[in-house]
Amino acid sequence: NPHINFNGNAEEAFTFYKSVFGGDFSTITRFKDLASADFPVPENEAQKIMYIALPIGPTALIGNDIPEAMGKVSESENRSKIAVRAESKEDAERIFTGLSEGGAVEMPMAESPWGSYFGMFRDKYGIEWTIEFPKA
């Protein structure tokens with residue numbers, strides 16, 4: 001299950017991912033939901049996402065916002081890529097086109113030297129993805 005950290009825009013990003021993959025969030029927990037005397041939550045962090053999960057096939061995409069006190073996530077660093085295996089060439093195109101909207105395509109969808117239909121990009125939230133339809 002890939003787990004992605006965000007700088008306060010996890011809900012926006014996951015709403016975008018949901019628009020491409022479909023389905024419903026299995027869990028949404030905000031920092032305010034965990035607030036207590038032992039775990040005080042500043043007002044400006046209350047609505048931020050502590051944990052969100054979007055089921056995708058047999059797995060889930062998981063994410064959260066990083067509290068400001070912990071510093072910022074560098075959205076331009078070379079993070080690990082999230083690899084998605086599509087069920088068809090058409091499904092690969094749909095996912096690639098949807099998720100890469102507003103992002104930067106590094107390798108357009110095309111036949112790969114290793115025999116699959118493959119593409120790679122960084123989405124508008126700085127997350128790196130590979131989409132692949134393994135023909136065999």
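Buried means under 20% relative accessible area, exposed over 50%, and partly exposed in between, with a 1.4 Å probe and protein chains only. The model is predicted: local features need pLDDT of at least 70, side-chain atom pairs count only at pLDDT 80 or more, and totals for chains, interfaces and linings use all residues. Residues are numbered from 1 along each chain as its sequence is written, and side-chain values use heavy atoms, leaving out hydrogens and water.

**Salt bridges**

- A salt bridge is a side-chain nitrogen of Lys or Arg within 4 Å of a carboxyl oxygen of Asp or Glu; the count by this rule is 10.
- Arg-30 pairs with Glu-11 in a salt bridge, with the closest N and O atoms 2.9 Å apart.
- Arg-30 is in strand β2 (residues 27-30) and Glu-11 in helix α1 (residues 10-21), so this pair ties together parts 19 residues apart in sequence; helices (H or I, at least four residues) and strands (E, at least two) are DSSP runs numbered from the N terminus.
- Lys-18 and Asp-24 form a salt bridge at 3.6 Å, N to O.
- Glu-111 and Lys-135 form a salt bridge, their closest N and O atoms being 2.1 Å apart.

**Exposure of the partners**

- Arg-30 is buried at 15% relative accessible area, whereas Glu-11 is partly exposed at 33%.
- Lys-18 is partly exposed at 28%, and Asp-24 is exposed at 56%.
- Glu-111 is partly exposed at 43%, as is Lys-135 at 47%.

**Arg-94**

- Arg-94 sits in helix α2 (residues 89-100) and is partly exposed, with a relative accessible area of 40%.
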